[in-house]
Amino acid sequence: MHEIVTLQLGQRANYLATHFWNLQESYFTYDGEDESPVDHDVHFRPGIGADGAETFTPRTLIYDLKGAFGTLRKQNALYELTEGMSLGQGLWDGKEIIQQQTPIIQSDYQKSLDAGLPAPSLTSDTVRYWSDYNRLFYHPRSIVQLNDYELNSKLMPFEDWNIGEDLFSDLDKEHDLLDRDVRPFAEECDQLRAIQLFTSSDDAWGGFSAKYIDRLRDEYGKKAIWVWAIEAGSKVSRQAQLKRDINKARSIYNISPQSSLYTPIIDPPSHIPSTVQFDPQSEWQTTALISSAMESVTLPTRLRSFHDFEASLAGDDGTHKIFELQSSVTIGDDDDAIYREPTNEAQGSEQEAPKSQKYFDLDFTYDGHGSSNAHIFNQVQVLRGFQIDRNDASIHQKDLGLVRKQRFYDSAPMFQSFHAPLPFLILDSYPSNLFPGAKQKKINVLAALTSSSRTAERIKSMETVAGRIIGIDEREALVNGLGEIRESYETERMSDSEFDDE
């Protein structure tokens, strides 16, 4: 067994991760049903509830600020017998005055789930917190509220990257967060495969994550660390945007070298095809769209039939760790939707392996900018729900190592595709109108992780901003560090022309 431990850091991360966990819960099968192709032990842990019954809960840690959890309690129906335990009188024998905040009213959706009734349709108005559409029970150890800061506080906003660093350092000094939070989950694993982080990267959570990942890398040096780094795509003032840009630069500089996979995600992207409709002001809706790509592209990590996803990410040399998240969606009314690979002149030979591609309907990392001239170093594609229509199936049965060597010698991009017949399900916790026309509550998705020269172009702009704004004590290290990362994503053409004037 190869388990994955997940960390969710912050409000935007928890909106996305909640969609992720709802989808994992939907893959469970019960008596009389065929066995699920998804290995649930990858992301779920067995346990014993307060009443002695067996439980199966996500292998995750959920961090958020005070006031961000909504109606989600640390104890729940599986563990509620531990609630209400008296802590004793202690040394104080005077009169107690208990002050309580106004309780948050449970949403109708959650009331229906608790009562076992059909859930009502959710809307942007009825989803106030990410817990309003959560379908799972979590272990009490999974819930970690950080009381030093409050959600959406005007007095002490959680926006400055350095604030996140300081908060982690203070908490870690007091509790040792790895010992208290991560180690219990990691030690339950037979063979820990990877640590997956959902985090925002353009606010204080970027600094918090950087410190956390530094500690994780020291403790679990050889384990894969996958980071989904969410960036706000909404329009803000110039000053606020500059702060975001600096935070993103610091996150890439500090986190990407420590990661096995670092994927920036714009929430939401501005270039949206006509087949997608959503409210850009609703994090519930925007992260639902992101989850269709993110959950699809990681599907091979939990399917019983695939075992070499990490090798595909590493490519030929393992140096390109910053990936772009992209996808295309096909809305079919039946299971007969056929995927046909895009054709071009270079694909005329029957002896060639399938090619990587540059164009997708949705680009969550660079929002479609600069894709036409980009050089692809490595691409991993996942097709789900499609039937495959390929002219020569024997091409795809070749030895994977031999194919990789051939691509390396030909200076061709590294490429691997995975196919799963499992479609992406439109759950009742998902926006019902996100993909108009999905009549059977399922869609087919082509999702990809791509490492390309576009990363060099984006980091170059970050260097420029950092060189103008960052204080002199940090400027040299940050600009030089970004430059080193950028160089590994430059092609020979870029090095000889665009960057020669530096």
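Tutor: Accessible areas here come from the Shrake-Rupley method with a 1.4 Å probe, and for residues only the protein chains shown count as cover. On that basis the protein exposes about 24,100 Å², of which carbon and sulfur atoms supply 48%.

Student: What should I keep in mind about the model?

Tutor: It is a predicted model, in which local features need pLDDT of at least 70 and side-chain atom pairs count only at pLDDT 80 or more, while totals for chains, interfaces and linings use all residues. Residues are numbered from 1 along each chain as its sequence is written, and side-chain values use heavy atoms, with hydrogens and water left out.

Student: OK, how many salt bridges are there?

Tutor: The count comes to 24, where a salt bridge is a side-chain nitrogen of Lys or Arg within 4 Å of a carboxyl oxygen of Asp or Glu.

Student: What does R304 pair with?

Tutor: The side chain of R304 meets that of E35, at 3.8 Å from N to O. R304 sits in the loop between α7 (283–297) and α8 (309–314) and E35 in the loop between α1 (11–26) and β2 (44–48), so the bridge ties together parts 269 residues apart in sequence; helices (H or I, at least four residues) and strands (E, at least two) are DSSP runs, numbered from the N terminus.

Student: And E490 and R486, buried or exposed?

Tutor: Both E490 and R486 are buried, meaning under 20% relative accessible area, with exposed over 50% and partly exposed in between (1.4 Å probe, protein chains only). Their closest N and O atoms are 2.5 Å apart, in a salt bridge.
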